[in-house]
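Trainee: Hi! Could we go through this one together? I'd like to start with how the terms are set.

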Amino acid sequence: EHPPGPPPMSLDLASYDEEQVRLMEEMCIVVDPEDNVLGYDTKKNCHLMSRINEGLLHRAFSVFLFNDKGELLLQQRADEKITFPGYWTNTCCSHPLYLPEELEATDHIGARRAAQRKLLHELGIQPQQVPLDKFQFMTRLHYLAPSDGLWGEHEVDYIFLVQANVDAAPVPNEVKSIKYVSKEGLAEFLDECDRSGVPTTPWFRLVVKNFLNPWWDSLGAPANNEQKEKIFHL
């Protein structure tokens with residue numbers, strides 16, 4: 001249905017961007033399908049298909065940031081990224097780390113802190129422009145998606161909406177390009193990606209297909225409590 005990804009990568013990390021290799025040693029939060037914390041493992045192990053096929057599952061987040069005109073900020077992942085390089089996706093997607101401040105469960109505050117941290121790290125968005133109380137938790141998705149023969153994703157993904165006007169300064173080895181789109185513009189953009197073979201991330205497509213338009217139509221309204229309590233296994 002969507003364009004194939006790039007050819008399989010080598011497990012010899014020496015061929016990758018030095019900073020991206022360093023980040024692969026970060027400790028992700030390992031969970032079960034109901035998002036109960038089981039422990040931790042490296043970002044590298046959490047993204048190896050050999051480990052994913054054994055059931056290794058980790059916690060993640062995805063941010064959808066809108067400006068005051070209701071336009072969604074998209075990013076194209078840098079070519080230096082080890083998983084899904086060059087793919088277009090939502091504003092920011094990454095992982096809470098196995099640290100006390102990012103494990104804290106009350107009101108999803110740990111995942112909010114991680115999201116705020118990564119908006120700065122990837123897009124240069126200052127924390128004061130995206131305070132923690134601006135992150136509106138919507139739901140969690142459990143999905144599995146190969147990136148190529150070697151790497152992939154298997155995540156319980158916390159979805160946050162943020163509406164804020166921000167000053168983005170993308171970090172080059174994280175983000176290749178950014179653009180704002182309207183709701184109609186996103187549909188046109190994804191159609192054009194499909195026609196021209198430009199890849200888009202599977203988790204972004206899952207959110208667009210299953211959830212995004214009603215959320216977009218009611219930006220700023222309270223989240224659906226039933227969705228907030230549920231983990232959608234997609």
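Predicted model: local features only at pLDDT ≥ 70, side-chain atom pairs only at ≥ 80, totals over all residues.

Trainee: Got it. What percentage of the residues in the chain is buried?

Mentor: Of the 234 residues, 53% are buried. The radius of gyration, taken over C-alpha atoms, is 17 Å, which agrees with the value near 17 Å for a compact globule; that rule is 2.2 Å times the number of residues to the power 0.38. The C-alpha trace spans about 45 × 40 × 30 Å along its principal axes.

Trainee: And how many helices and strands are there?

Mentor: Eight helices and 10 strands. Helices (H or I, at least four residues) and strands (E, at least two) are DSSP runs, numbered from the N terminus.

Trainee: Switching topic: how many salt bridges does the search find?

Mentor: It finds 13 in the whole structure. The test is a side-chain nitrogen of Lys or Arg within 4 Å of a carboxyl oxygen of Asp or Glu.

Trainee: Which residue does R140 pair with?

Mentor: R140 meets D35 in a salt bridge, at 2.9 Å from N to O. R140 is in strand 7 (residues 136-146) and D35 in the loop between strand 1 (27-31) and strand 2 (37-42), so the pair ties together parts 105 residues apart in sequence. Both residues are buried.

Trainee: What about K183, which residue is its partner?

Mentor: That's D217, with the closest N and O atoms 2.4 Å apart. This pair links helix 6 (residues 183-196), which holds K183, to helix 7 (residues 202-217), which holds D217, 34 residues apart. K183 counts as partly exposed at 25% relative accessibility, while D217 counts as exposed at 57%. Elsewhere, salt bridges with shared partners join D35, R59 and R140 into one network.

Trainee: Last topic: how many cavities of 30 Å³ or more are counted?

Mentor: One. On a 1 Å grid over the protein atoms alone, a cavity is a set of points where a 1.4 Å probe fits but cannot get out, and lining residues have an atom within 4 Å of a point. Points are joined across faces, edges and corners, and the volume is the space filled by probe spheres set on them. The largest cavity holds about 180 Å³. Among its 21 lining residues, K43, R77, T83, H95 and E153 are the closest to its centre.

Trainee: And how does the lining split by class?

Mentor: Seven nonpolar, six polar and eight charged residues. Ala, Val, Leu, Ile, Met, Phe, Trp, Tyr, Cys and Pro count as nonpolar, Asp, Glu, Lys and Arg as charged, and the others, Gly among them, as polar.

Note on methods
Residues numbered from 1 in each chain as written. Heavy atoms only, no water. Buried < 20%, exposed > 50% of the residue type's maximum accessible area, 1.4 Å probe, protein only. 1 Å grid on protein atoms, 1.4 Å probe; cavity = no way out; pocket = protein on both sides within 12 Å on 5 of 7 lines; lining within 4 Å.
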